[in-house]
Amino acid sequence: TAAVGTAFRAGGYGWKIVFIQFMKEAKWPSGERTSLRKLGIEVFVMGEGFYKILNDNKSDDQHKTAAAKALELGHKKILSGQYQLVVLVELGSAVEEGLLEQKPVENMLKDHAKDKTAKNVHLIWTGHKKIEWMLKYADLVTEMKKIKHPYDQGIIATKGLDY
């Protein structure tokens with residue numbers, strides 16, 4: 001949510017932005033993707049769906065291949081010099097779930113930190129857990145904590161609020 005809000009804010013100033021989703025799949029409805037595209041933000045939906053939940057019946061290899069392709073695309077976009085903001089949604093989640101190994105992710109983060117072109121790109125990635133080796137490459141870390149949510153009463157998601 002915070003990453004989408006930042007993309008909206010930057011888009012309002014005319015920034016060139018790319019938004020890459022690692023876990024969600026295109027067949028799921030998404031008000032955020034529709035809104036981002038209306039602002040001229042490039043959106044790539046690269047995932048095979050949430051891993052091992054919501055009736056996931058895809059193989060580990062399918063999920064890993066999709067995550068690797070999303071990482072490769074994100075890396076290229078960071079190094080391209082075409083964007084002021086690159087948002088890698090669920091990158092941390094892909095690492096948490098073991099869909100991506102440390103080395104390729106760390107190589108991308110190192111390139112972002114060291115490459116002259118990439119250093120001018122603001123990079124946001126999202127996830128659920130603090131991954132210490134990833135955090136050392138971050139300039140800003142935000143931790144959001146659920147206090148209360150309708151999910152706690154068995155309401156899975158509400159269109160317009162959760163997706």
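## Contact between α3 and α5

On the α3 side, L71, G74, H75, I78 and L79 meet P104, V105, N107, M108, D111 and H112 of α5. By residue class, the contact of α3 with α5 comprises six nonpolar, four polar and one charged residue. The model described here is predicted.

Helix α3 spans residues 60–79 and helix α5 spans residues 102–114. The two helices pack with their axes 10 Å apart, at an angle of about 10°. Because angles under 35 degrees count as roughly parallel, α3 is roughly parallel to α5.

## The parallel sheet

The sheet is open and consists of four strands, arranged in the order β2-β1-β3-β4 with parallel pairing. Its edges are formed by β2 (42–45) and β4 (122–125), each of which pairs on one side only. From one strand to the next, the twist averages 10°.

In general, strands of a sheet pair through backbone hydrogen bonds, in either a parallel or an antiparallel manner. In this model, strand β3, residues 85–89, runs parallel to β4 and is joined to β4 by four bridges. Within this part of the sheet, L88 stands opposite W125 of β4.

## Helix α2 on the sheet

Helix α2, covering residues 31–38, packs on the sheet and touches both β1 (17–21) and β2. The direction of α2 makes about 150° with that of β2. One of the two strands touched by α2, namely β2, is thus also an edge strand of the sheet.

Notes:
Residues numbered from 1 in each chain as written. Predicted model: local features only at pLDDT ≥ 70, side-chain atom pairs only at ≥ 80, totals over all residues. Heavy atoms only, no water. Pairing = 2+ DSSP bridges. Axes fitted to C-alpha atoms, helices over the stretch in contact; angles between N-to-C directions. Contact = heavy atoms within 4.5 Å. Parallel < 35°, antiparallel > 145°, perpendicular 65-115°, else oblique. Nonpolar A, V, L, I, M, F, W, Y, C, P; charged D, E, K, R; others polar.
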